[in-house]
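Biologist: I have a model open and would like to learn how to read it. Could you walk me through it?

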Amino acid sequence: MPASPVVVDEHAPNPALQHQFATEGQQKNAASLGMWVFLAQEVMFFGGMFCAYLIYRYKYFADFGSGSQQLNVTLGAINTAVLICSSLTVVLSVRAAQLGKRKALIGWLLLTIVLGFAFLGIKADEYAEKFEKHHVPGPNFSYHELLPGQANLPPAERQYANPRHAEMYFSLYFAMTGMHALHMIIGVGIFGFLAFMAWRGKYTPEYYTPVENAGLYWHFVDIVWIYLFPLLYLIDRHR
Amino acid sequence: MAEHNSASAPIDEHVSEHVSTIGSSVAIWITLLVCTGLTVGAAFIDLGPFNIVVALAIATVKATLVVLFFMHVKYTHEKLTGLVVVSAIFWLFLLLALSMLDYATRFWR
């Protein structure tokens, strides 16, 4: 069939639609699937550290309990709540983008950044305490703490944690929370970029894929913390 | 080649995305906060070997709520998303379970 010289396209092309995709729906699905595959890779990345944690906790169970009791449960719980609140603001920013509410979108994105900084600030305070107490693994590491449940015994019978094993706990603590904090810092940067682009009016109900995919990333980082909090902060707390 | 191939028309069927309501999002948010309180409270009760089980069970409930509702997996029509999520969990299971099988059974070391 010869091509008609006058093409009347009833579907006016969306400027955000890239030429390799047939439709906007296909482009959106491809971007979403790519993000999910990236998150599956992130599961394996953090999974390696969780596996190392599991092996050493199994081997040095009591010493890990001792190390865990040096952490501040209140600050850990507050940070968990801060991250859960930030996940809500992310959900609301995606919703604002879907409904085309530009001001609400910018507001929720900025609130997410504020909550991200609040988390990082509390984390920095916790890290500072670890440096003061020489609980940071390395040449200056020093550890003389009781094993869980020993404080009620007569002083002569009390058993102390093996410092080498406690150092393993703190190595994993810093590796896991440090990698998580790095993801938070990257996330705050991404949300700053999104807020700037939203202010420029880049996102519409037809095109808000970056907001949605950044949201998926933020929720994933939240889920990592949901597991890190009980595993690192809440070992043997009842003793 | 026609630009709009009729054979591939169904591709466009789900451009309209799920928009979460404020009410349901707030309900999930409150549930997550309550679960955080529960996990802290449970840690200070002596449940013997079940302390870790309870902590991980609550964490898994929270993670599931986030994935299904905040990450919209419950509402997606795209089956590939579900496949990627299940694959990720399965690979993680293989990594943790097979490693621990090895370490937990080397009594001669």
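**Where the chains meet**

Modeller: Between the two chains, 43 residues of chain B are in contact with 41 residues of chain A, where contact means that the C-beta atoms, placed from the backbone, lie within 7 Å. This is a predicted model: local features need pLDDT of at least 70, side-chain atom pairs count only at pLDDT 80 or more, and totals for chains, interfaces and linings use all residues. Residues are numbered from 1 along each chain as its sequence is written, while chains are lettered from A and ligands numbered from 1 in the order in which they are written.

Biologist: Which elements give two or more residues to the side of chain B that touches chain A?

Modeller: Helices here are DSSP runs of H or I with at least four residues, strands are E runs of at least two, and both are numbered from the N terminus. On chain B, the contributors are α1 (22–43), α2 (50–70) and α3 (79–104). The largest share, 14 residues, comes from α3(B).

Biologist: How do the residues of that side divide into nonpolar, polar and charged?

Modeller: Ala, Val, Leu, Ile, Met, Phe, Trp, Tyr, Cys and Pro count as nonpolar, Asp, Glu, Lys and Arg as charged, and the others, Gly among them, as polar. That side of chain B has 28 nonpolar, 10 polar and five charged residues.

Biologist: And how many helices and strands are there in chain A?

Modeller: Chain A has six helices and zero strands, and its C-alpha atoms fill a box of roughly 95 × 40 × 30 Å along the principal axes.
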